Amino acid sequence: MEEKNITYDCSRGCTTERTDQGVLVCKYSKNCCKLSVTDWLEGISDKRYKNLYEVRFKNTRKGFYENHSGQLLKTGDLVVVEAANGHDLGIITLEGPAVGRQMLRHNINTDETVFRKIYRKAKPLDLERWQEAIARENRTMIRARQIAASMNLNMKIGDVEFQGDGTKAIFYYIADERVDFRQLIKVFAEEFRIRIEMKQIGARQEAGLIGGIGVCGRGLCCSSYIASFQSISTQSARCQDLALNPQKLAGQCSKLKCCINYEAPVYIDAARNIPEVNGPLELRDGQAWLVKTDILDRVMWFSYKDNDLSNLIPLTPEKVREILAANAKGMKAPSISEICIKEEKQTDFISSVGDDNIDRFDEKKKKGKGKNRKRKGGKKPVKDQQQKTEKVQAEQR
């Protein structure tokens, strides 16, 4: 059986194929789609969202449209939709009540918002024009970068997206400061003979457009589900006792990882029940310094020497409060070695010492069996022979 000539377009989440008759066929590919949403309300009807659909375009650009075509539409259909100038072509990725949940997430009020229209399902002529426009995107982006560099503009053009009818293009760019690109737009219009729209994005949004795999082995969160980006500061890392190492805390966008904010509220809530220690604890046998705190385990580790990680003694937050209360009254508490946590917890730490030995995969020889074989088949020890000789001589006497 001959293999079909199928092309996968992961930036738009579809596959394209030419039939034997030369007809272009485009199909929705859910597994290759940025910001994909699982319709967990599939099969449930709601009159409020009967004609509302979520339509996906290139990479992370999505929109909500209202069906005015009178046609029966479903998820996966390629449709021609209304645009500011002309028309665009996209893929329906969500329908039904789940659309309402998505609009609620994006703070869109259905009663006040005027949605753009879905004209019809895409025809073969629309698909042909759409693919011709897509084929121009890569070389347009390369040429646009060359023009911007020749004009000495401090900006980076990250992506170019053509409208479905091929009459307009969106240029996504990144800039650290305000850029006057009025002259640039004139040059672009003369060079490419299309309408130009410049859209500034941040480094996190650029990572979402490009996509990739994070250090966790999963797809980037910015291209998987994050639609609105929150500010991330080093305070979120400090409250989790993370090492402030830029190489480990920075993501592929060179900014602080979005996942730093995921567990920060849990640590902040747990830290409220841990007393604040600003100085050493006054004890009868000396001063004890706080070295580290396990926030989630609720264990505070003290040492009799400042910044000394040897001979650490664990205390519960309740015991530390009692000691602080006694110090506030001018009293010295007993030795912490007498009131420390006596229950030894089994650590989950596994040492990697010995894992780099070159003979760790060799089969170990069993020495015990080898000795027994020698004794059975080989010569007997000299001591056993002497004892046997003395026994025979005693019987002869």
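Modeller: Ser254 counts as exposed because its relative accessibility is 61%, where exposed means over 50% relative accessible area, buried under 20% and partly exposed in between, with a 1.4 Å probe and protein chains only. The model is a predicted one, in which local features need pLDDT of at least 70 and side-chain atom pairs count only at pLDDT 80 or more, while totals for chains, interfaces and linings use all residues. Residues are numbered from 1 along each chain as its sequence is written, and side-chain values use heavy atoms, with hydrogens and water left out.

Ser254 is found in the loop between helix 8 and helix 9 (264–271); helices (H or I, at least four residues) and strands (E, at least two) are DSSP runs, numbered from the N terminus. Although Ser254 is not a glycine, its phi is positive, at about 65°. Asp241, another residue that is not a glycine, has a positive phi of about 60°. Asp241 is found in the loop between helix 7 (234–238) and helix 8 (246–249), and with a relative accessible area of 51% it is exposed.

On the subject of cysteines, a disulfide is a pair of cysteine sulfur atoms within 2.5 Å, and by this rule the count comes to 0 disulfides. Cys258 is in no disulfide, the nearest cysteine sulfur being that of Cys222, 6.3 Å away.

Turning to the whole fold, the protein has 13 helices and 15 strands. Of its 397 residues, 36% count as buried. Among contacts (heavy atoms within 4.5 Å) with a separation of 6 or more, 59% are between residues 24 or more positions apart.

Two strands pair if DSSP finds at least two bridges between them. On that basis 3 strands form an open sheet in the order 1-2-3, with antiparallel pairing. Strand 1 (6–9) and strand 3 (24–28) each have a single partner strand, so that one side of each edge strand is left without a neighbour in the sheet. Neighbouring strands of this sheet are turned by 25° against each other on average, direction ignored; axes are lines fitted to C-alpha atoms, for helices over the stretch in contact, and angles run from 0 to 180 degrees between N-to-C directions. Strand 1 runs antiparallel to strand 2 (residues 14–18), to which 4 bridges join it, and Tyr8 stands opposite Thr15 in strand 2. Helix 2 (residues 124–135) packs on this sheet, touching strand 1, strand 2 and strand 3, and its direction makes about 80° with that of strand 3.

Strand 4 and strand 7 (residues 87–95) pair in the antiparallel sense over 4 bridges, with Glu54 opposite Leu94 in strand 7.

Lys47 is found in the loop between strand 3 and strand 4 (52–56). Lys47 counts as exposed, at 79% relative accessibility. The C-alpha atoms of Lys47 and Pro97 are separated by 8.8 Å, although these residues are 50 apart along the chain.

Strand 9 (residues 156–162) has 6 of its 7 residues buried and is therefore largely enclosed by the rest of the structure. Strand 9 pairs with strand 10 (residues 168–174) in the antiparallel sense over 6 bridges, and Glu161 stands opposite Ile170 in strand 10. The hairpin of these two strands has 5 residues between them, and there Gly166 takes a positive phi near 75°.

Strand 9 and strand 10 each supply at least two residues of the lining of the largest pocket, as do strand 11 (195–200) and helix 5 (203–210), among others. Strand 5 gives the most to that lining, with 4 residues. The lining comprises 41 residues, of which Thr60, Arg61, Lys62, Gly63 and Lys199 lie nearest the centre of the pocket.

Conventions:
1 Å grid on protein atoms, 1.4 Å probe; cavity = no way out; pocket = protein on both sides within 12 Å on 5 of 7 lines; lining within 4 Å.
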